[in-house]
Amino acid sequence: MELSFEDKFNIEVDELEVEKAINRFKDIAQSRKSDIEVLKKCFSMIDLTTLNATDGYERGKLFAEKVSQFPDQFPGMPNVAAICVYPSLVSAVKENLSAPNVSIASVAAGFPASQTFLEIKLSECEMALEHGANELDVVISVGSFLEGDYYTVFSELQQIKEVAGDAKVKVILETGALTSLDEIKLASFLAMEAGADFIKTSTGKLEPAATPEAVYVMCTAIKEYYDKTGKKVGMKPAGGVSNSYDAALFYTIAEQVLGQEWLYPGLFRFGTSRLADVLLSDIIGKEVKYFSTSSTAKY
Ligand SMILES: O=C[C@H](O)COP(=O)(O)O
């Protein structure tokens, strides 16, 4: 079955316009990278992430304990939005998390390559939810997308969304594997039409991960989708976001394209394994290693 989005949405991206806009946002971000209020807001939208082959129960427990104790350790700071782990670690987080407003996100559906059977993808989503996840981060079938088999990608996402029920589904486009900005925009519309609650740039396992260009194009797609349908879809830059300037830049892009109303954990997240302590240190004004973990393994 053929699926066409070209008639419904504007898929073409003007690359010159993108570069101009990004240069403007970079200037704004330079002055914001040390704005404490902006950094605090960015911190409150972090999905604190650990996605290593070396992760075990203790790692999930440690993350949950750190997040649970955070308000006492750092009064006046907002907490992170979610902890994001592999499905096998969801129960470790659930059993040890006592921060009621912090969500538990699980990558699922064959993360990070999405190269498994649909039944396995759906079961993995179901099991992650049973174990306590209330958000799912799933990658599109990138191979099918690149071959132009949009129907397979769309149909899988629709079925995942159905299994997810009330849980938020964040759809990872793996923008570094897509071959043009037009493709990134097309994938954004496809994911949103299939029911994505958020669209997310990257798995963090493939370079380039979150780029200003990808984030900008995805934000413009979200804006256009909202104008046409009235549905607000969230944005999640993820992968390689590791300093206050990057955070301020992605924050600025979302603010300028989508408006302040998008800048809260319900509609904006950072997927990152390194940003939390960096922001915390810049906010407090001295180096803090609270969440940092030694493992940087990339499997
Ligand atoms: O979803 C989040 C990413 O996997 C994290 O990537 P990162 O380790 O480059 O921050």
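## Ground rules

Residue numbers start from 1 in each chain, following its sequence as written. Because the model is predicted, local features need pLDDT of at least 70 and side-chain atom pairs count only at pLDDT 80 or more, while totals for chains, interfaces and linings use all residues.

## Helix 2 and its cover

Let's begin with helix 2, residues 36–44, where Val-38, Leu-39, Lys-41, Cys-42, Phe-43 and Ser-44 are buried. Here, buried means 20 or more other C-beta atoms (placed from the backbone) within 10 Å of the residue's own, exposed means 12 or fewer, and partly exposed lies in between. Helices (H or I, at least four residues) and strands (E, at least two) are DSSP runs, numbered from the N terminus.

Among the elements covering these buried residues are helix 1 (15–32), strand 1 (46–49) and helix 10 (244–258). That cover counts contacts, with C-beta atoms placed from the backbone lying within 7 Å.

## Around the ligand

The ligand has 14 residues around it, and Gly-204, Ala-238, Gly-271, Thr-272 and Ser-273 come nearest. A residue is near if its C-beta atom, placed from the backbone, lies within 6 Å.

## Backbone details

Two peptide bonds deserve a look: Phe-111 to Pro-112 is cis, with omega near 0°, and Glu-207 to Pro-208 is cis, with omega near -10°. Pro-112 sits in the loop between strand 3 (103–108) and helix 5 (118–130). Ala-109 lies in the loop between strand 3 and helix 5 and has a positive phi of about 65°, although it is not a glycine. Ala-109 counts as buried because it has 30 C-beta neighbours inside 10 Å.

Technical notes: Two residues are in contact if their C-beta atoms, placed from the backbone, lie within 7 Å.
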